[in-house]
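Please look over the structure below before reading the notes. They are grouped by topic.

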Amino acid sequence: MKKIFSLFLLTGLLLTSCSDFLDLTPQGQENSGNYMNTEENAIKVINGIYDILSQTEGRGPDGDWMDHHYDFMLASIATDDAVKGSNLPDMPQLIDLEDYRLQQGSSLATAFWIHGFWGVSRSNYAIKNLPDATIPENLKNRLLGESYFLRAYHYIYLLRHFGGVPLFSAPLNPSDFGKTVRATLHETFEFINADLRQAIELLPERSTYPAADMGRATKGAARAFLAKSLMYQIGVDAECEHTWNDIYNLTLAIINSGEYSLVPNFALLFEYENKNSSESIFEIQAADGTASDAPASVGNAYPLFQGNRESNTGANTGWGFHNPTQNLVDAFNPSDPRLSSTVYGIGFNNEILYGVQMKFNRTEQGSNYLNRKAALPFKPSLDKAANKNILIMRYADVLLIHAEAAYHTGKEVEARQYLNMVRERARNSSYCKGYVSGSPDGYTMPVTTPDVPNVNVSGTALLDAILHERRLELAMESNRIWDLVRTGKLVDTVSKAKDTDLIGNEGRTDVEVRHEGIANRIRNHAFTGKDNTVIPVLPIPLDEVQNWGLEQNPNY
């Protein structure tokens, strides 16, 4: 039997005092209670939490190998922006996920559950032991802030996939096993928000970190994640008492901090060499290493998982998952330079990637397109451990959240101002790196001004423009489903798109790809939130339901 919470119990055993025996503290040796009494060890513990962020497959706590579990699987593949991709036999559970057919017992859902609670467990160990650590107070406070931020990060991850979940504020003891109830959606949101507020108080601004610490959580990152948490909560949580004014104040504080700015050229954002740019608020770090798999790997499989399955160069090879749809491509104005940095593939820009005309096998892809934001110009020394950071939160996202908050608080002039800042950057950007054949490193500017004009509308048309801009600007960055859910548009948008986006694909039959009844399936495995919003969720692992007495998610 799997014991997914065994990590919590193991940590609890390590932290249990000796009072039941001799009540003696071990002398002259490290234990779980005093391990963080040196700066080096304390930093190692926090680094261990960050390490989980890029582990998208690996050994679970019971020794089994976990499936890949990327945020974009639910956030993008289960929407109108992307399809599973790859060939049909590869990861069939992803077909079930995108069709909303995933069943109880899914190893994919289990991987999401394990990964989230893995991060919570490590964070709780740090939060419990740091206050008593004999290290400088300024470092202790920063590390505590990082721990609260990372616990919130993993609970956001769990909430988005499962809804309300058990909430752990400390490592578990053996006597706690099976006694923790499942929290409500509202309670889970409030737990996350409290952690992020703690992080805001404790964390420094980005500019105070030395270069070697770039990528650590900052005050700006905590504010941005709290703003996004509240934005989602306001849309779906009927018990929510927060307002758009709360979000407005958070995003305004980020803007006024002067810590961040838009990168002048959108095309620079996703190139592997442009790590931790002025626009980066939080990104998962990667480096070259000597190991492919967790826990020794310091890179990630992000480019490999989404790369072209058939390559004529030896570079850019991959498994072909997470393919942009024609629906997404059609949402862009064809002259928008951002499109070239979002997709590449069959019939697009003479099929050029980094200056080379590529080969593609349509039967090995779910659509004509691949994710340009995940591409590399070379083959990594270790395919599963590429040196490419993953942007999670960036300044453009904050500006668009601020525009939406300004709209909802009656400041339409300001809403248009920040929306148009993002559009102006798009209008003045180049095509992606290597857009022209034979010029792998070149950035080519459009011959004429791209058709990305300033928005001048008001009322609901302005809100629609802001939401549309979020889709274009943040495409393939694991945001789409949450925007559809919180605005009540998920069922209508996805059911229309999924009924047609795969029909006629080479090598696939109508039976294999048709999404009949998808609207009913979405509702069938979902909670109903505020204003009848539909909140899709994955099945909680059966062992957890049975061993902890948890309520299973709807109709699993």
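This is a predicted model: local features need pLDDT of at least 70, side-chain atom pairs count only at pLDDT 80 or more; totals for chains, interfaces and linings use all residues.

Residues are numbered from 1 along each chain as its sequence is written, and side-chain values use heavy atoms, with hydrogens and water left out.

**Confidence**

- The mean pLDDT (the predictor's confidence in each residue, from 0 to 100) of the chain is 90, and 90% of the residues score at least 70.
- Residues 1-29 stay under 50 in pLDDT, and the model has 57 contacts beyond four places in sequence for them; a contact means heavy atoms within 4.5 Å.
- Residues 502-514 also have a pLDDT below 50, with 22 contacts in the model beyond near neighbours in sequence.
- Confidence is lowest in helix H1 (residues 6-15), with a mean of 37, and highest in helix H12 (residues 395-408), at 99.

**Overall make-up**

- The chain contains 19 helices and 12 strands; these are DSSP runs numbered from the N terminus, helices being H or I of at least four residues and strands E of at least two.
- Of the 556 residues in the chain, 61% are buried; buried means under 20% relative accessible area, exposed over 50%, and partly exposed in between (1.4 Å probe, protein chains only).
- The accessible surface of the chain is about 21,000 Å², and carbon and sulfur atoms account for 50% of it; areas come from the Shrake-Rupley method with a 1.4 Å probe, and for residues only the protein chains shown count as cover.
- Of the contacts between residues at least 6 apart in sequence, 72% join residues at least 24 apart.

**Nonpolar cores**

- A nonpolar core is a set of buried Ala, Val, Leu, Ile, Met, Phe, Trp, Tyr and Cys residues joined through side-chain atoms within 4.5 Å.
- The largest one has 137 residues, and Met73 and Phe149 have the most contacts inside it.
- Helix H6 (residues 137-162) supplies the largest share of this core, 14 residues.
- Another core, of 7 residues, lies apart from it and includes Tyr344, Met358, Phe360 and Ala375.
- Leaving aside residues up to four places away in sequence, Phe149 touches residues including Leu196, Leu203, Phe225 and Phe282.

**Salt bridges**

- A salt bridge is a side-chain nitrogen of Lys or Arg within 4 Å of a carboxyl oxygen of Asp or Glu, and the count comes to 39.
- Glu137 and Lys140 pair at 3.1 Å, N to O; both lie in helix H6, 3 residues apart, about one turn of the helix.
- Glu137 is partly exposed at 48% relative accessibility, whereas Lys140 is buried at 7%.
- Arg338 and Asp336 form a salt bridge with their closest N and O atoms 2.8 Å apart, and both residues are buried.
- Arg338 and Asp336 also belong to a network of salt bridges that includes Glu279, Lys373, Arg394 and Glu477.
- Asp383 and Lys379 form a salt bridge at 3.0 Å between the closest N and O atoms.

**Two loop residues**

- Thr533 sits in the loop between strand S11 (526-528) and strand S12 (534-536), and is buried at 4% relative accessible area.
- The Thr533 side chain reaches the backbone oxygen of Lys530 at 2.9 Å.
- Pro377 is in the loop between strand S9 (369-371) and strand S10 (390-394), and is partly exposed at 29% relative accessibility.
- Pro377 and Glu271 are 106 residues apart in sequence, with 8.7 Å between their C-alpha atoms.

Methods:
A polar contact is a pair of N or O atoms within 3.5 Å; within protein, one must be able to donate a hydrogen and the other to accept it, and residues adjacent in sequence count only if both atoms are side-chain atoms.
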